[in-house]
Amino acid sequence: MQIFENNDLVAPIYKRAMSLMISKGFAEKQSGKVSVAVHQNSEQANRRRELLAVEEEANKNKIIQAHGESFFTEQVMTKFFTHVTTEVNKKFDNKENLYNKILKIEDAIPSIMEILSVRAASINRIIPLAKSLPWLANELINLVNKPQYRKRADVQVTDASLALSYIGLDNLKLVMPTFMLKHWLPNSTAPYTLMKRKLWNDSLAVAMSSSVLAKKAGMDEFSAFAAGMFSHLGLIAVSRCFLTTYSELHTAELKAAYENKDKKLHDTLVAFDASPDLLIEQLITRSSKISADLVELMRLDRLQITEAIFDLAYTETLEKMCPLAQIVTKAKAYVAFRSLAKDDLISNDEAKLLLTTVRITPQEINLLKKSDIDHIKLNFK
């Protein structure tokens, strides 16, 4: 997002919030928090100094060898990470491939969203589209069979048409974008095990916050919810593409080293994991623009969120954004602030700077604090 990236004071805060999505340890590194063990005046420290002196004096060959191994490792990592970056850049430059092959966005998706956006929306028009997506039909059936939503304890719904009728149009405006984004999440974000959950939690929080702020401003809540949710498409696409490409190339390199009986190279490849620095660079520089590309390919007409998603990606100041983009920007800033504050990774001055940049008012902040932006509340009649 240009409004954050092009602000020299806000950019480090934004990067830290994005880093927190990868892992808390990585975010702490971005904030300058470093765990340092203190051994001053200890017997252990004295012993280490003696050993270091002995090594410097008596084992120069070992030191030279160690430096050689370090240099070799650095060379291998540089070459491999360059290869990874080249391959993911090729995939990111092909937005149709991202749409059709990486996220696999089916044609029924934008059609459902378009129907839900108009006053003349009809369950009957949605039924055939939902049934054409087995994963979506299963999600809808599972939802209505949850204990809190079942019509009768002894009756279980097995048909998607009946499930849609039970859920109703108002609930579907929350349910559909949520299930869609859930479906697009990476199957795994290893080695960053919590990243998938963080992606999901942040996406929902931004969507819910956008809806709350839109209602206060007298704007369409569904458009705000959808814009907030779909603004995370790029984060999901980048995460999926980068981590999958990394894993595939790493496996191929390991296999080649093994087959060539190159133990030194094999051991070096085994020793390092996916670089969070490469991933965060891709997330920051590409994700918002990829969200815009993917939403554009949906060719939404009635659901007017495309302009807002493009403003989030390319507009540098709040006043130049359309009203819907301003709402989502405020939601993103608030959720970033809340996430960082929860882990004690933002100072009071930084929080004030981040929130004033998007001109979120004290009243809006208080409203979001009082609202449940982490859970979807459905009203089954």
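Predicted model: local features only at pLDDT ≥ 70, side-chain atom pairs only at ≥ 80, totals over all residues.
**Ground rules**

I number residues from 1 along each chain as its sequence is written, and I work with heavy atoms for side-chain values, leaving out hydrogens and water.

**Cysteines**

I searched the whole structure for disulfides (a pair of cysteine sulfur atoms within 2.5 Å) and found zero. C241 is buried at 1%, and C322 is buried at 12%.

**Salt bridges**

My rule here is a side-chain nitrogen of Lys or Arg within 4 Å of a carboxyl oxygen of Asp or Glu. The count comes to 13 salt bridges.

E87 and K90 make a salt bridge at 3.4 Å, N to O. Both sit in helix α5 (residues 60-92), three residues apart, which is about one turn of the helix. An α-helix has 3.6 residues a turn, so residues three or four places apart point the same way. E87 is partly exposed, at 23% relative accessibility.

Next I checked K131 with D159, where the closest N and O atoms are 3.7 Å apart. K131 is partly exposed at 44%, and D159 is partly exposed at 32%.

K182 is partly exposed, at 40% relative accessibility.

**Helix α20**

Which residues of helix α20 are buried? I get E364, I365 and L368, in a helix that spans residues 362-370. They cover an arc of only 100° around the axis (taken from the directions from the helix axis to the C-beta atoms), which puts them on the same side of α20. P362, Q363, K369 and K370 are exposed on the other side. For contacts I use heavy atoms within 4.5 Å. The buried residues of α20 pack against α12 (195-216), α18 (323-342) and α19 (348-357).

**Core**

I define a nonpolar core as a set of buried Ala, Val, Leu, Ile, Met, Phe, Trp, Tyr and Cys residues joined through side-chain atoms within 4.5 Å. The largest one has 135 residues, and L140, M176, W184 and F230 touch the most other members. Helix α14 (residues 233-259) gives the largest share of this core, twelve residues. I then listed contacts of W184, leaving aside neighbours within four places in sequence; they include L103, I109, F230, L233 and M298, along with K104 and R240.

**Aromatic pairs**

Rings of Phe, Tyr and Trp (its six-membered ring) pair if their centres lie within 6.5 Å; planes under 30 degrees apart are stacked, over 60 edge-to-face, and the rest tilted. I count seven aromatic pairs by this rule. Y334 and F337 are a tilted one, 6.1 Å centre to centre with 55° between the planes. Both are buried, and they are three residues apart in helix α18, about one helical turn. I also noted one aromatic cluster formed by F80, F81 and Y246.

**Two single residues**

R16 lies in helix α2 (residues 11-22). Is R16 buried or exposed? R16 is buried, at 6% relative accessible area. Not counting residues up to four places away in sequence, R16 touches A27, Q30, S31, L340, L345, I346 and E350.

S117 lies in the loop between α7 (108-116) and α8, and is partly exposed at 24%. S117 and K173 are 56 residues apart in sequence and 8.2 Å apart in space, C-alpha to C-alpha. With residues up to four places away in sequence left out, S117 touches F222, R302 and L303.

Notes: Buried < 20%, exposed > 50% of the residue type's maximum accessible area, 1.4 Å probe, protein only. Helix = DSSP H or I, 4+ residues; strand = E, 2+ residues; numbered from the N terminus.
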